Amino acid sequence: MDITNASTTTDSSSSSSGAAAAPAPLTLALVVASDREGRFAPVVTDWFRSRLAEREDFTVTVVDLAEIDLPTSLSHDPSPAVRAELAKVSPVLEAADAYVVVTPEYNHSFPASLKNLIDRHYTEWQAKPVGFVSYGGISGGLRAVEQLRQVYAEMHAVTVRDTVSFHHAHGLFDADGRHKDPAAAEGAAKALLDQLGWWGRALKDAKSVRPYGA
């Protein structure tokens, strides 16, 4: 699993003018949903990580489901092998203040690998915000996102309104993974991260006063 701190450390010292210190960055888990051979996910993920690298309000850990071997058969008593795989991802989800899911659209829905990850966790998602970066053909993955909103509502998570969506994604990036016309996508990423940061901070502060009761 690729674990990367994608942001700089916020200076916690107060300025000479006595201004309040900036809050510590939120911990963001960036979940890469596709585990399909030949997937386009790394291109989209790398582009989004470049947007995150320019911000100081998040520290980032990448959870790439192509690197996690979880069987689809669920059990209340997982085998040692399954426990070992869960140990790679469950602590990351638990520690996160917020999530961004990078997902394609497969047959009007999202990948089975992502549903498997969601179903294996519950309290980890609760009272935390989830944002979406989607890609696909004419729909840009938005049908997958709309289904995920329903799933995450069941997990007691809060999905932010704005998304980043890449329609006909393969044609939007050059051979080096650079977006050919990034202005609109960069604006969408900023809106998504601004909303995610607000909800992440608000929910974290609320839980520090009163634990969330599902």
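**Close-up views of helix packing and aromatic pairs**

W125 and Y152 are both buried (under 20% relative accessible area with a 1.4 Å probe, protein chains only). This is a predicted model, in which local features need pLDDT of at least 70 and side-chain atom pairs count only at pLDDT 80 or more, while totals for chains, interfaces and linings use all residues. Residues are numbered from 1 along each chain as its sequence is written, and side-chain values use heavy atoms, leaving out hydrogens and water.

**View A. The W125 and Y152 rings form an edge-to-face pair.** Their ring centres are 5.1 Å apart and their planes stand at 80° (rings pair with centres within 6.5 Å, using the six-membered ring of Trp; planes over 60 degrees apart count as edge-to-face). W125 sits in the loop between α3 and β4 (129-136), and Y152 in helix α4, so the pair ties together parts 27 residues apart in sequence.

**View B. Helix α3 (residues 112-119) packs with helix α4 (residues 142-154).** Their axes lie 11 Å apart at an angle of about 10°, which makes the two helices roughly parallel (angles under 35 degrees). Here L114, K115 and I118 of α3 meet L148, V151 and Y152 of α4 (heavy atoms within 4.5 Å).

**View C. F40 and F173 make another edge-to-face pair.** The ring centres are 5.9 Å apart, with planes at 65°. F40 is buried at 14% relative accessibility, and F173 is buried at 5%. Ring pairs also join F40 and F173 with W47, Y135 and F166 in a cluster.

Definitions and conventions. Axes are lines fitted to C-alpha atoms, for helices over the stretch in contact, and angles run from 0 to 180 degrees between N-to-C directions. Helices (H or I, at least four residues) and strands (E, at least two) are DSSP runs, numbered from the N terminus. Angles under 35 degrees count as roughly parallel, over 145 as roughly antiparallel, 65 to 115 as roughly perpendicular and the rest as oblique. Rings of Phe, Tyr and Trp (its six-membered ring) pair if their centres lie within 6.5 Å; planes under 30 degrees apart count as stacked, over 60 as edge-to-face and the rest as tilted. Buried means under 20% relative accessible area, exposed over 50%, partly exposed in between (1.4 Å probe, protein chains only).
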